[in-house]
Amino acid sequence: MRVAVVETVLLAGGALVVVVLLLQPRNPGPRTRGVLRASWTLTPGVVNPAVTQATLRSTVCRKGWTRTSYTNALKLRQMRARGLRGPPSAYQEDHLISLELGGNPTDTRNLWPEPYPRAAEVDRVENELNARLCARELTLDQAQRMESALKHRDG
């Protein structure tokens, strides 16, 4: 009787593995414990040359600086290219170096489809880093490095 139960559990576990493997994207980028992370190759991050330590007050610390609509079509192209499945609404086309921290708004090396709910969690971190940057608790370089490390390490 115990053997039958073990075989059933193994078969159920095997079926689960097969389902998980079938649902995984073809080439989504690095994964850690099931989390899609930014790829150092595809998404190294690119800064906006207009944003420097000297221009913070007139750029990233100014209300409205981050408004953009460029990313919607790009998200669809990148999802196809990376073999990501599911509706586009399951992803946020995220800037590796966020606009709040002086990331390039249109360079594809700075953009990647980040899955929800992680994208919403990271947005809060980006806002906190921007607040610390504008309060002069962090330099621009420190904030950008912290954000890049977070997205490449944890997604």
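## Basis of the model

The model is predicted: local features need pLDDT of at least 70, side-chain atom pairs count only at pLDDT 80 or more, and totals for chains, interfaces and linings use all residues. Residues are numbered from 1 along each chain as its sequence is written, and side-chain values use heavy atoms, with hydrogens and water left out.

## Overall architecture

The chain contains four helices and four strands; helices (H or I, at least four residues) and strands (E, at least two) are DSSP runs, numbered from the N terminus. Along the sequence they follow the pattern α-β-β-α-β-β-α-α.

Of the 155 residues in the chain, 37% are buried. Here buried means under 20% relative accessible area, exposed over 50%, and partly exposed in between (1.4 Å probe, protein chains only). The accessible surface of the chain is about 9300 Å², and carbon and sulfur atoms account for 59% of that surface; these areas come from the Shrake-Rupley method with a 1.4 Å probe, and for residues only the protein chains shown count as cover. Among contacts (heavy atoms within 4.5 Å) with a separation of 6 or more, 70% link residues 24 or more positions apart.

## Helix 2

Helix 2 comprises residues 71–81, and its buried residues are T71, L74, K75, Q78 and M79. These cover an arc of only 135 degrees around the axis, which puts them on the same side of helix 2; the arc is that of the directions from the helix axis to the C-beta atoms. Strand 3 and strand 4 are included in what covers this buried side.

The face turned away from the buried side carries the exposed residues N72, R80 and A81. After helix 2 comes G83, with a positive phi near 70 degrees.

## Helix 3

A119, V122, E126, L129, N130, L133 and C134 are the buried residues of helix 3. Seen down the helix axis, they fall within an arc of 125 degrees, so they line one face of the helix. Their packing partners are strand 3 (91–95), strand 4 (111–115) and helix 4 (140–154). On the other side of helix 3, R124 and E128 are exposed. R136, which follows helix 3, has a positive phi near 65 degrees.

Side chains of opposite charge can pair when their charged atoms come close. The whole structure holds seven salt bridges, each defined as a side-chain nitrogen of Lys or Arg within 4 Å of a carboxyl oxygen of Asp or Glu. One of them joins R109 and D107 at 2.7 Å, N to O; R109 is partly exposed at 43% relative accessible area, whereas D107 is buried at 18%. Within helix 3, R118 and E121 lie three residues apart, about one turn of the helix, and their closest N and O atoms are 3.2 Å apart.

In helix 4, D141 and R145 are four residues apart, about one turn of the helix, and their side chains meet in a salt bridge of 2.9 Å, N to O. D141 is partly exposed at 40% relative accessible area, while R145 is exposed at 58%. Salt bridges that share partners also join D94, E126, E147 and K151 into one network. L150 likewise lies in helix 4 and is buried at 12% relative accessibility.
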